[in-house]
Amino acid sequence: MIPSARRMIFSLLLLASPLVHATQFDNITLGIEIIRAHFQGAGLVPDLLANFTPTALLTATYTGGGVVTPGQLLSKSRTQTAPNLTVTPANMTTLLNEKYTLVMVDAWAPGYTDPRGQICHWIVNGVTVQDHSVLTRGRVEVEQYRGPTPPSGSGPHRYVILLYAQQFPTVPPPQGFPIQNSNPGFCHLADYVKTSNIGPLIAGTYFTVEEGVATFTPSPTYPVATSTLLPSGSSGLPASQSTAGIIAQHSGAFSSSSNYLTILLTPFLWLLAL
């Protein structure tokens, strides 16, 4: 190949890479904003959390279905085994090489609180991230996973999965843990986070499970209009795309974009080798 053609193809390669990644991370940022808005609309802020400013997109996948979208109603039977989780940072320079604590609690139905706190369904310390997959096997399970079992007639329970960045390599469980022999196992999330000195909350998602017909009227929740979250002039997805499509697209988003880029550039690299 003549040198000028080589230079032209090399220039195209340099231009293509940042465009693909910029679009990918614009969309991840939008996905994070959607999750944040859902936490507000569902009353999880301030019912469960004083504030929620995630810096990464957390997605959960249960066996027998696709990626769980924020607030999605799932059957009790589908959620009895632990989900697969992936996390993707908003900033492409962020390295997910720390240790994390994973927490899942039942935040009750909107408008209902219990003085005993929330029901703890899962706590794992020392979680790591590999290729954006959250790895819990072999880590310190403070509370083993227990699937949702909301009482019949108690409304749509909000099951919240949260990922905290640990400040220290190990997190000694506070007094009273583990509580897995207690059914249900009550805990105060805010007290656990403070006592354990875990670290900042970086990502979260939630789903709902309901058994029977509610015998009370849950507090209203507010839908999220995706179009209001898309910045003007953004290079991300069209404002008309559904929340489900945006969140589902980013399960393993970083690796997907890398694969896409590899496929796109392979023919050019082959020509360079001639």
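Guide: A strand here is a DSSP run of E, at least two residues long, and strands are numbered from the N terminus. By that rule, Thr208 sits in strand 10, residues 201-209. The model is predicted.

Visitor: Why is Thr208 called buried?

Guide: Its relative accessible area is 11%. Buried means under 20%, so Thr208 qualifies.

Visitor: Which residues is Thr208 in contact with, leaving aside its neighbours within four places in sequence?

Guide: Gly71, Gln72, Leu73, Leu74, Pro156, His157 and Arg158.

Visitor: Where is His132 found?

Guide: His132 lies in the loop between strand 5 (118-130) and strand 6 (133-135).

Visitor: Is His132 buried or exposed, and why?

Guide: Buried, because its relative accessibility is 12%, and the threshold is under 20%.

Visitor: Which backbone oxygen does the side chain of His132 reach?

Guide: That of Val87, at 2.8 Å. His132 is also 9.0 Å from Pro89, C-alpha to C-alpha, although 43 residues separate the two in sequence.

Visitor: How do you know that strand 1 and strand 3 pair?

Guide: Pairing takes at least two bridges. Strand 1 (residues 56-61) and strand 3 have six, in the antiparallel sense, so they pair. Strand 3 covers residues 84-89, and five of its six residues are buried.

Visitor: What makes Asp47 and Arg158 a salt bridge?

Guide: Their closest N and O atoms are 3.4 Å apart. The limit is 4 Å, from a side-chain nitrogen of Lys or Arg to a carboxyl oxygen of Asp or Glu. The pair therefore counts. Asp47 is in helix 2 and Arg158 in strand 8, 111 residues apart, so this link joins distant parts of the chain.

Visitor: How many salt bridges does a search of the whole structure find?

Guide: Four. Among them is Arg36 with Glu33, at 3.1 Å, N to O. Both lie in helix 1, three residues apart, about one turn of the helix.

Visitor: Which side chain meets Asp114 in a salt bridge?

Guide: That of Arg116, at 3.0 Å, N to O. Asp114 counts as buried because its relative accessibility is 11%.

Visitor: Which residues touch the most other members of the largest nonpolar core?

Guide: Phe39, Leu44, Leu48, Leu49, Val160, Tyr164 and Leu189, out of 28 residues. Helix 1 (3-41) gives the largest share, four residues. Leu44 is in contact with Phe39, Leu49, Ala107, Arg158, Val160 and Tyr206, leaving aside its neighbours within four places in sequence. Another core lies apart, with 26 residues, including Tyr62, Val87, Tyr145 and Val209.

Key
Residues are numbered from 1 along each chain as its sequence is written. This is a predicted model: local features need pLDDT of at least 70, side-chain atom pairs count only at pLDDT 80 or more; totals for chains, interfaces and linings use all residues. Side-chain values use heavy atoms; hydrogens and water are left out. Buried means under 20% relative accessible area, exposed over 50%, partly exposed in between (1.4 Å probe, protein chains only). A polar contact is a pair of N or O atoms within 3.5 Å; within protein, one must be able to donate a hydrogen and the other to accept it, and residues adjacent in sequence count only if both atoms are side-chain atoms. Contact means heavy atoms within 4.5 Å. A nonpolar core is a set of buried Ala, Val, Leu, Ile, Met, Phe, Trp, Tyr and Cys residues joined through side-chain atoms within 4.5 Å.
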